[in-house]
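Let's take a friendly walk through this model, from its core to its surface and its charged pairs. Please have a look at the fold before reading on.

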Amino acid sequence: MAIAARTGEGIDLLLRTIGDRMRAITAVVELLVPYDRGDVVAAIHREGEVVSTANEETGMRIRARLASASVGRLSAFVVEGAK
């Protein structure tokens, strides 16, 4: 990948490529968040990349790519054994 230090040509492609690679190595986690926990839903959107959402009787099921630190902090909402 060619990048011109003087003109900045190629920087956009480099950043896109890095972003794509980082997303590819981040695992998708499934969480079940009660409807009264909008703060948790906001944190998931802020800290990760939401892959899908579904409304269920007990809350919102969210599949998202999250860093391991975020997964640890939100572990009470992680659905164990989800694929």
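## Core, patch and salt bridges

Twelve residues make up the largest nonpolar core, and these 12 residues are V29, L31, V33, V40, V41, I44, I62, A64, L66, L74, F77 and V78. Strand 1 (28–33), helix 2 (38–47) and strand 3 (60–65) each give at least two residues to this core. Such a core is a set of buried Ala, Val, Leu, Ile, Met, Phe, Trp, Tyr and Cys residues joined through side-chain atoms within 4.5 Å. Buried means under 20% relative accessible area, exposed over 50%, and partly exposed in between (1.4 Å probe, protein chains only). Helices (H or I, at least four residues) and strands (E, at least two) are DSSP runs, numbered from the N terminus.

The model is predicted, so local features need pLDDT of at least 70 and side-chain atom pairs count only at pLDDT 80 or more, while totals for chains, interfaces and linings use all residues. Residues are numbered from 1 along each chain as its sequence is written, and side-chain values use heavy atoms, with hydrogens and water left out.

On the surface, I3, I11, L15, I18 and M22 form a nonpolar patch with about 450 Å² of accessible area together. Patches of this kind take residues with over 30% relative accessible area and no salt bridge, their nonpolar side chains (Val, Leu, Ile, Met, Phe, Trp, Tyr) being joined within 5 Å. I3 sits in the segment before helix 1 (11–25).

The whole structure holds 6 salt bridges, each a side-chain nitrogen of Lys or Arg within 4 Å of a carboxyl oxygen of Asp or Glu. Here are some of them.

| Pair | Closest N to O |
|---|---|
| R61 and E30 | 2.3 Å |
| R65 and E49 | 3.8 Å |

R61 is partly exposed at 22%, whereas E30 is buried at 12%. R65 in strand 3 and E49 in strand 2 are 16 residues apart. Salt bridges that share partners join E30, E56, R61 and R63 into one network.

Finally, S70 in helix 3 (residues 68–73) is buried, with a relative accessible area of 7%.

Methods
Patch = residues over 30% accessible without salt bridge, like charges linked within 9 Å, V, L, I, M, F, W, Y side chains within 5 Å. Areas by Shrake-Rupley, 256 points an atom, 1.4 Å probe, with all protein chains shown as cover.
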